[in-house]
Amino acid sequence: MTTNMDPSKNNLVALHFKYDQARRRFVEWAQNEIAVVPDFHKRILFSDEAQFWLNGYVNKQNCRIWSEANPQVYVETPLHPEKLTVWCALWAGGILLQKR
């Protein structure tokens, strides 16, 4: 009997385990901080940045789009198209937004 082991599935399991450990460490750290400073959770700032290409190009590395269109069709784009960078942060006091 032969088994078809997909190595990418093993990598995926290892990746999930790695991130599970990181999440547990973060929770333990946050619980220790809250024990010292009761409103510590109100001082956490979550932020991210995204770039939007003005010519309609979508970076498929960072997002997934489900479409009925043929994914094999290539569209030529300029080497350095114009883009807009948006940075956003969330915290207990509200939302911070910056466009560049």
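Modeller: Happy to! Let's start at Asp20, which is partly exposed, with 32% relative accessible area. Please keep in mind throughout that this is a predicted model. The side chain of Asp20 forms a salt bridge with that of Arg23, at 3.0 Å from N to O. Both residues sit in helix H1 (residues 7–36), and because they are 3 residues apart, about one helical turn separates them. Arg23 counts as exposed, since its relative accessible area is 52% and the cut-off is over 50%.

Searching the whole structure gives 2 salt bridges.

A pair of aromatic rings is described by how far apart the centres are and by the angle between the planes. The count here is 2 aromatic pairs. In one of them, the rings of Phe26 and Trp29 have centres 5.7 Å apart and planes at 40 degrees, so this pair is tilted. Phe26 and Trp29 are 3 residues apart in helix H1, which again puts about one helical turn between them. Phe26 is partly exposed at 39% relative accessibility, and Trp29 is partly exposed as well, at 40%.

Trp29 also pairs with Phe40, this time edge-to-face, with 5.3 Å between the centres and 80 degrees between the planes. That pair links distant parts of the chain: Trp29 belongs to helix H1, whereas Phe40, 11 residues away, lies in the loop between H1 and strand E1 (46–53). Phe40 has a relative accessibility of 12%, so it counts as buried, the cut-off being under 20%. Together, Phe26, Trp29 and Phe40 make up one aromatic cluster.

For contrast, look at the surface elsewhere. Phe46, Leu90, Ile95 and Leu97 make a nonpolar patch of about 450 Å². One of these, Ile95, is part of strand E3 (residues 94–99) and is exposed, because its relative accessibility is 60%.

Finally, a word on confidence. The protein has a mean pLDDT of 75, with 61% of its residues at 70 or more. Strand E2 (residues 83–91) has the highest confidence, at 88, and E3 the lowest, at a mean of 78. Wherever pLDDT is low, the predicted coordinates should not be read in detail.

Note on methods:
Residues are numbered from 1 along each chain as its sequence is written. Side-chain values use heavy atoms; hydrogens and water are left out. Patches are made of residues with over 30% relative accessible area and no salt bridge: like charges are joined within 9 Å, nonpolar side chains (Val, Leu, Ile, Met, Phe, Trp, Tyr) within 5 Å. Accessible areas come from the Shrake-Rupley method with a 1.4 Å probe; for residues, only the protein chains shown count as cover. A salt bridge is a side-chain nitrogen of Lys or Arg within 4 Å of a carboxyl oxygen of Asp or Glu. Helices (H or I, at least four residues) and strands (E, at least two) are DSSP runs, numbered from the N terminus. Buried means under 20% relative accessible area, exposed over 50%, partly exposed in between (1.4 Å probe, protein chains only). pLDDT is the predictor's confidence in each residue, from 0 to 100. Rings of Phe, Tyr and Trp (its six-membered ring) pair if their centres lie within 6.5 Å; planes under 30 degrees apart count as stacked, over 60 as edge-to-face and the rest as tilted.
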